[in-house]
Amino acid sequence: LLKRRDSQQALAIFERMKRENCEPTADTYTMMINLYGKGNKSYMALELFREMKSRKCKPNICTYTALVNACARDGLCEKAEEIFEQLQEAGHEPDVYAYNALMEAYSRAGLPYGAAEIFSIMENMGCEPDRASYNIMLDAYGRAGLYEGAQAVFDEMKRLGIEPTMKSHMLLLLAYSRMGNVLKCEEIVSQMQESGLTPDTFVLNAMMNLYGRLGQFEKMEEVLTAMENGAFKPD
RNA sequence: CAGUCAUUGAG
């Protein structure tokens with residue numbers, strides 16, 4: 001019933017549930033918080049959380065994670081930490097999702113070292129970082145302009161036998177593009193192809209923006225036509 | 001697959 005991916009619908013149903021004195025369940029709240037979080041309405045998410053507690057509805061670990069994430073998107077790093085603590089006080093062992101969400105908060109706040117710290121805490125807790133963890137670290141370094149750090153994370157992934165995902169490549173690409181290092185960017189794109197990944201519109205858009213910023217309009221046209229051709233014919 | 005990761009977007 002609530003599996004709608006549609007925020008408008010979800011909201012309407014949610015309101016109706018309350019009107020009809022039907023207590024929303026923890027799962028319902030989690031979904032709603034998640035919804036607000038993704039829609040950059042961290043504020044509403046936090047408010048919902050308060051409402052939830054005042055109704056004596058017990059938040060579970062997913063609820064907290066969703067909330068941390070909501071804060072992360074808004075760069076409310078301190079709020080995120082606060083919630084993370086609440087999570088622990090509630091007797092939950094933070095899992096990889098929770099850590100990742102928290103790292104995301106630091107990353108967005110422009111604190112790559114904070115993120116790195118969490119990364120190592122996570123390892124010390126015997127919690128295996130997953131692909132998302134690495135991607136977030138990549139992003140954290142990339143945003144801060146620490147391309148060396150980003151590159152290190154990327155290499156580390158490969159060393160561990162984790163195939164970098166499309167996102168990983170994108171993030172690394174962006175790290176270099178912020179430095180205006182076009183050559184490196186082009187290199188990465190070809191590396192991607194060698195790994196058997198097809199540059200998608202995400203990548204092409206990123207390249208377009210890069211060239212645009214640098215005023216390399218000829219390159220832009222090349223990319224454009226590549227896009228139009230549906231590109232990458234095997235031969 | 002209840003919760004975590006990617007590009008751009010003039011207030």
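Predicted model: local features only at pLDDT ≥ 70, side-chain atom pairs only at ≥ 80, totals over all residues.

User: Where do Arg143 and Asp139 lie?

Analyst: Both residues belong to helix α8, which covers residues 131–143. They are 4 residues apart, about one turn of the helix.

User: Which residues are joined into one network by salt bridges that share partners?

Analyst: Lys18, Glu23, Glu51 and Arg55 are joined in that way.

User: What is the N to O distance between Lys18 and Glu51?

Analyst: The salt bridge between the side chains of Lys18 and Glu51 has an N to O distance of 3.2 Å. Lys18 sits in helix α1 (residues 7–19) and Glu51 in helix α3 (residues 42–54), so this pair ties together parts that are 33 residues apart in sequence.

User: And what about Arg55 and Glu51?

Analyst: Their side chains also meet in a salt bridge, at 3.9 Å from N to O. Arg55 is partly exposed, with a relative accessible area of 31%. Glu51 is likewise partly exposed, at 21% relative accessibility.

User: Why do such side chains pair at all?

Analyst: Side chains of opposite charge can pair when their charged atoms come close.

User: How many salt bridges are there by this rule?

Analyst: The count comes to 11.

User: Let us step back. How many helices and strands does chain A have?

Analyst: Chain A has 13 helices and 0 strands. Its C-alpha atoms fill a box of roughly 60 × 40 × 30 Å along the principal axes.

User: What share of the residues is buried?

Analyst: Of the 235 residues of chain A, 42% count as buried. Chain A exposes about 13500 Å², and carbon and sulfur atoms supply 50% of that area.

User: Could you give me a buried residue as an example?

Analyst: Gly37, in helix α2 (residues 26–38), is buried, with a relative accessible area of 2%. Apart from neighbours within four places in sequence, Gly37 is in contact with Ala45, Ala70 and Arg73.

User: How many residues separate Gly37 and Arg108 in sequence, and what is the gap in space?

Analyst: They are 71 residues apart in sequence, and their C-alpha atoms are 14 Å apart.

User: And Ser177, buried or exposed?

Analyst: Ser177 is buried, with a relative accessible area of 8%. It lies in helix α10, residues 166–178. Not counting residues up to four places away in sequence, Ser177 touches Cys185, Leu210 and Arg213.

User: Back to charge. Which residues gather in a patch of negative charge on the surface?

Analyst: Glu78, Glu81, Glu85 and Glu89 form that patch. One of them, Glu81, lies in helix α5 (residues 77–89) and is partly exposed, at 34% relative accessibility.

User: And for the chain as a whole, how far apart are the mean positions of the positive and negative charges?

Analyst: Chain A has 26 positive and 34 negative charges, and their mean positions are 8 Å apart.

Methods:
Residues numbered from 1 in each chain as written. Chains lettered and ligands numbered in written order. Heavy atoms only, no water. Helix = DSSP H or I, 4+ residues; strand = E, 2+ residues; numbered from the N terminus. Buried < 20%, exposed > 50% of the residue type's maximum accessible area, 1.4 Å probe, protein only. Areas by Shrake-Rupley, 256 points an atom, 1.4 Å probe, with all protein chains shown as cover. Lys, Arg positive; Asp, Glu negative; His and termini not counted. Charge placed at Lys NZ, Arg CZ, Asp CG, Glu CD. Patch = residues over 30% accessible without salt bridge, like charges linked within 9 Å, V, L, I, M, F, W, Y side chains within 5 Å. Salt bridge = Lys/Arg side-chain N within 4 Å of Asp/Glu carboxyl O. Contact = heavy atoms within 4.5 Å.
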